[in-house]
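Here is a short tour for anyone who likes to know how the numbers were made. Have the structure open in your viewer and follow along.

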Amino acid sequence: MDHGSFGGECLRHRASRCACRPVDDEPILVALGSWALRSPLAPAGHLSAVSAMLTLRTYYRATDDWATTLQVHLGERSYVARIAGERVEVSAGQAAAETTVETDTATLVALLVGERELTDAGEVRVTGDVAAFRRVLAGISMAGSR
């Protein structure tokens, strides 16, 4: 069976050989995500829930050694964001949190990139420590990435 070739090598073989080598593709994904956020061709509303959470993790800049945990519900998907100083860990699932945010992906991205203010975002419900979520939003800096 012909699987196509690239430089005389079967693409199937080449792909399986490449998969054996560990590759840290996170910088590539972050760079592509940063491009997508700046692109006029890809409005923020078209990003996935995972992309929204990566935006939080990539662009949050701590101003001190503050810590909090956010439970984020984006439609049927749930994520936990644990923030401790400069470190932001994001995972799928649920956990005890000081703040719970319920919204859709487009609204969260608009809040994170500063296109909307929390007071203007009618599609978002924040319970628990609302000030903590405001502090997280204030800590987002699109000037660079990690």
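## Ground rules

This is a predicted model, so local features need pLDDT of at least 70 and side-chain atom pairs count only at pLDDT 80 or more, while totals for chains, interfaces and linings use all residues. Residues are numbered from 1 along each chain as its sequence is written, and side-chain values use heavy atoms, with hydrogens and water left out.

## The fold at a glance

The protein chain holds five helices and seven strands. Helices (H or I, at least four residues) and strands (E, at least two) are DSSP runs, numbered from the N terminus. In sequence order the pattern reads β-β-α-α-α-β-β-β-β-α-β-α.

Of the 146 residues in the protein chain, 36% are buried. Here buried means under 20% relative accessible area, exposed over 50%, and partly exposed in between, with a 1.4 Å probe and protein chains only. A contact means heavy atoms within 4.5 Å. Among contacts in the protein chain with a separation of 6 or more, 55% are between residues 24 or more positions apart.

## The nonpolar core

In soluble globular proteins, nonpolar side chains tend to be buried together. A nonpolar core is a set of buried Ala, Val, Leu, Ile, Met, Phe, Trp, Tyr and Cys residues joined through side-chain atoms within 4.5 Å. The largest one has 29 residues, of which Met53, Leu56, Tyr60, Leu74, Leu108 and Phe133 touch the most other members. Two or more residues of this core come from each of α3, β3, β4 (77-84), α4 and α5. Helix α3 gives the most, with five residues.

Leu56 shows what such packing looks like residue by residue. Beyond its neighbours within four places in sequence, Leu56 is in contact with Leu70, Ala81, Leu112, Val136 and Ile140.

## The cavity

Rolling a probe the size of a water molecule over the atoms shows where empty space is left. On a 1 Å grid over the protein atoms alone, a cavity is a set of points where a 1.4 Å probe fits but cannot get out, and lining residues have an atom within 4 Å of a point. Grid points are joined across faces, edges and corners, and a volume is the space filled by probe spheres set on the points. The count comes to one cavity of 30 Å³ or more, and the largest cavity holds about 40 Å³ of space.

Which residues line the largest cavity? They are Met53, Leu56, Leu70, Val72, Leu108, Leu112, Phe133 and Val136. The elements giving two or more residues to this lining are α3 (49-59), β3 (67-74), α4 (105-112) and α5 (130-138). By class, the lining has eight nonpolar residues, no polar and no charged; Ala, Val, Leu, Ile, Met, Phe, Trp, Tyr, Cys and Pro count as nonpolar, Asp, Glu, Lys and Arg as charged, and the others, Gly among them, as polar.

Helix α3 is mostly covered, with eight of its 11 residues buried. Ala52 lies in this helix and has a relative accessible area of 0%. Leaving out residues up to four places away in sequence, Ala52 touches Leu74, Thr105, Leu108, Val109 and Leu112. The C-alpha atoms of Ala52 and Val109 are separated by 5.6 Å, although the two are 57 residues apart along the chain.

Helix α4 is mostly covered too, with seven of its eight residues buried. These are Thr105, Thr107, Leu108, Val109, Ala110, Leu111 and Leu112. After α4 comes Gly114, whose phi is positive, near 80°.

## The cap at Asp104

Asp104 lies in the loop between β6 and α4 and is partly exposed, at 29% relative accessibility. Asp104 caps the N-terminal end of α4, with a side-chain oxygen 3.2 Å from the backbone nitrogen of Ala106. The side chain of Asp104 also reaches the backbone nitrogen of Thr107 at 2.9 Å. Such a polar contact is a pair of N or O atoms within 3.5 Å; within protein, one must be able to donate a hydrogen and the other to accept it, and residues adjacent in sequence count only if both atoms are side-chain atoms.

## Two loop residues

Val124 lies in the loop between α4 and β7 (125-128). Is Val124 buried or exposed? Val124 is buried because its relative accessible area is 15%.

Ala95 sits in the loop between β5 (87-92) and β6 (99-103) and is partly exposed, with a relative accessible area of 27%. Not counting residues up to four places away in sequence, Ala95 touches Gln71, Val80 and Arg82.

Key:
On a 1 Å grid over the protein atoms alone, a cavity is a set of points where a 1.4 Å probe fits but cannot get out, and a pocket is an open set with protein on both sides within 12 Å along at least five of seven lines; lining residues have an atom within 4 Å of a point.
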